[in-house]
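Good morning, and thank you for making time for this item.

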Amino acid sequence: MSRYKGGADLWALAVSPDGTALYVTGRGRGSGRNLEFATIAYAAATGKQRWLRYYTTVKPASGASVAVSPDGKTVYATGSDGSYALTVAYQATGTLTWATRYKDPYGGFAYGSHIVAGPGGGAVYVAGSAANKSGHIDLATFAYRAATGKRM
């Protein structure tokens, strides 16, 4: 058993394709008072924490879903920073590869609630919600290039 003692709410779990690593995402208190988008990697066999990353460019923020690329080299997480759907990609070693935010064009909010890596490794898909021009909430699906985070 492994415990993160930093005061966190962790919402989602993904396992690397080879079964050696576990990744979780949610929110936690990093260096400040705000809740920050948190992603943690653990060794599956021992539960030992490999790395912890807070995405601190926007605060507060929260991760809602996490996925691993088919080759196990990249970890993707999605959630929200309160107004934007936020999606980040880390190398399996914990280095940030890219981050992108989707701003609702109608002035409402957007939220990424589920993420999957495409089977060929070239795309990442996020399902969530976004406001429409009437201010109502719609289901939303986003597709990003896995290597760059550019919206497709």
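Which residues do ring pairs link into a cluster? They are Tyr76, Trp98, Tyr102, Phe142 and Tyr144. Please note that this is a predicted model, in which local features need pLDDT of at least 70 and side-chain atom pairs count only at pLDDT 80 or more, while totals for chains, interfaces and linings use all residues. Residues are numbered from 1 along each chain as its sequence is written, and side-chain values use heavy atoms, with hydrogens and water left out.

The structure holds six aromatic pairs. Rings of Phe, Tyr and Trp, the last by its six-membered ring, pair if their centres lie within 6.5 Å; planes under 30 degrees apart count as stacked, over 60 as edge-to-face and the rest as tilted. Tyr76 and Trp98 have ring centres 6.2 Å apart and planes at 40°, so this pair is tilted. Since Tyr76 belongs to strand 6 and Trp98 to strand 8 (residues 96–102), the pair ties together parts that are 22 residues apart in sequence. Strands here are DSSP runs of E, at least two residues long, numbered from the N terminus.

For Trp98 and Tyr144, the centres are 6.3 Å apart and the planes are at 45°, so this pair is tilted. It links distant parts of the chain, with Trp98 in strand 8 and Tyr144 in strand 11, 46 residues apart. Both Trp98 and Tyr144 are buried, that is, under 20% relative accessible area with a 1.4 Å probe, protein chains only. Tyr76 is buried.

Let us turn to the cores. A nonpolar core is a set of buried Ala, Val, Leu, Ile, Met, Phe, Trp, Tyr and Cys residues joined through side-chain atoms within 4.5 Å. The largest has 17 residues, of which Tyr23, Phe37, Tyr55, Val66, Leu86 and Val88 touch the most other members. Strands 1 to 7 each supply at least two residues of this core, and the largest share, three residues, comes from strand 7. A second, separate core of 15 residues includes Tyr76, Ala89, Ala140 and Tyr144.

Three strands form it in the order 9-10-11, with antiparallel pairing; two strands pair if DSSP finds at least two bridges between them. The edge strands, each pairing on one side only, are strand 9 (110–117) and strand 11 (137–145). Strand 9 and strand 10 (residues 123–131) pair over seven bridges; Gly112 has Gly128 in strand 10 as its bridge partner.

How values were computed:
Buried means under 20% relative accessible area, exposed over 50%, partly exposed in between (1.4 Å probe, protein chains only). Helices (H or I, at least four residues) and strands (E, at least two) are DSSP runs, numbered from the N terminus.
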